[in-house]
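Trainee: Could you take me through one part of this structure in close detail, starting from a single residue? I would also like to see how the neighbouring parts of the chain are put together.

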Amino acid sequence: MLKYHEDVLFSFLPSYRGVDFVLKTTDPNLDITKIADEFYHKMKPYSFGYNQDSFKSFILNQLSRKDLSIALAESCTGGLLSKMLTDTPGSSKAFLGSVIAYSNEVKIDQLGISKSKIDK
């Protein structure tokens, strides 16, 4: 835990979804919401999840806002990233589609990845 203020403790909790930040205080007079807001805004544009926005919503909103789109080629994830994105209403504005290339033959034939690159 790191200290921001002598009565505020920060915890950094990394996971595959990102890094959760937890703020705690024992001082009932301290406005923890103000500190959380300040911290969140200092972390922009890398922060999401405050006020219940999710990583997938964050990504799709950023893509839409910048008039960009995304297409995926997944292998070991087996389509998990595509599912996460398409579970979000309105994802078709930014998500074009995906190929799940699990076998090396599909990677070579459909995606044009060289066998030497796969072997490497």
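Mentor: Please bear in mind that the model is a predicted one. I shall begin with the aromatic rings and then turn to the helix and strands.

A pair of aromatic rings is described by the distance of the centres and the angle of the planes. With a limit of 6.5 Å between ring centres, the count of aromatic pairs is 4. In one of them, Phe 10 and Phe 12, the centres lie 6.5 Å apart and the planes meet at 20 degrees; because an angle under 30 degrees counts as stacked, this pair is stacked. The rings of Phe 12 and Phe 21 have centres 4.8 Å apart and planes at 85 degrees, which means that the pair is edge-to-face, since the cut-off for that class is over 60 degrees. Phe 12 thus takes part in a stacked pair with Phe 10 and in an edge-to-face pair with Phe 21. Ring pairs join Phe 10, Phe 12, Phe 21 and Phe 39 into a cluster.

The next part is helix 2, which spans residues 55-65 and has Phe 58, Leu 60 and Leu 63 as buried residues. The buried residues of this helix pack against strand 4 (70-74) and helix 3 (80-86). After helix 2 comes Asp 67, with a positive phi near 55 degrees.

Two of the buried leucines of helix 2, Leu 60 and Leu 63, belong to the largest nonpolar core, a set of 6 residues that also includes Leu 72, Leu 85, Ala 94 and Phe 95. In soluble globular proteins, nonpolar side chains tend to be buried together. Leu 60 shows what such a position looks like in detail. Once neighbours within four places in sequence are set aside, Leu 60 is in contact with Leu 85, Thr 88, Ser 91 and Ala 94. Thr 88 lies in the loop between helix 3 and strand 5 and counts as buried because its relative accessibility is 11%, under the 20% limit. Beyond four places in sequence, the contacts of Thr 88 are Lys 56, Ser 57 and Leu 60.

Strand 4, helix 3 and strand 5 form a right-handed β-α-β unit. Strand 4 pairs with strand 5 (residues 95-100) in the parallel sense over 5 bridges, and Ala 73 stands opposite Val 99 of strand 5. Ser 75 sits in the loop between strand 4 and helix 3 and, at 18% relative accessibility, counts as buried. Its contacts, leaving aside neighbours within four places in sequence, are Ala 101, Tyr 102 and Lys 107. Ile 100 belongs to strand 5 and is partly exposed, with a relative accessibility of 45%. Ile 100 touches Glu 74, Gly 78, Gly 79 and Val 106 when residues up to four places away in sequence are not counted. Between Ile 100 and Ser 116, 16 residues apart in sequence, the C-alpha to C-alpha distance is 20 Å.

Charged side chains complete the account. The count of salt bridges is 2. One joins the side chains of Lys 83 and Asp 87, with an N to O distance of 2.9 Å; Lys 83, at 47% relative accessibility, is partly exposed, and so is Asp 87 at 43%. The other salt bridge joins the side chains of Lys 115 and Asp 119, at 2.9 Å from N to O. Lys 115 and Asp 119 both belong to helix 5 (residues 115-119) and are 4 residues apart, about one turn of the helix. Both of these residues are exposed.

Methods
Residues are numbered from 1 along each chain as its sequence is written. This is a predicted model: local features need pLDDT of at least 70, side-chain atom pairs count only at pLDDT 80 or more; totals for chains, interfaces and linings use all residues. Side-chain values use heavy atoms; hydrogens and water are left out. Buried means under 20% relative accessible area, exposed over 50%, partly exposed in between (1.4 Å probe, protein chains only). Contact means heavy atoms within 4.5 Å. Two strands pair if DSSP finds at least two bridges between them. A crossover is right-handed if, with the strands pointing away from the viewer, the path from the first strand over the helix to the second runs clockwise. A nonpolar core is a set of buried Ala, Val, Leu, Ile, Met, Phe, Trp, Tyr and Cys residues joined through side-chain atoms within 4.5 Å. Rings of Phe, Tyr and Trp (its six-membered ring) pair if their centres lie within 6.5 Å; planes under 30 degrees apart count as stacked, over 60 as edge-to-face and the rest as tilted. A salt bridge is a side-chain nitrogen of Lys or Arg within 4 Å of a carboxyl oxygen of Asp or Glu.
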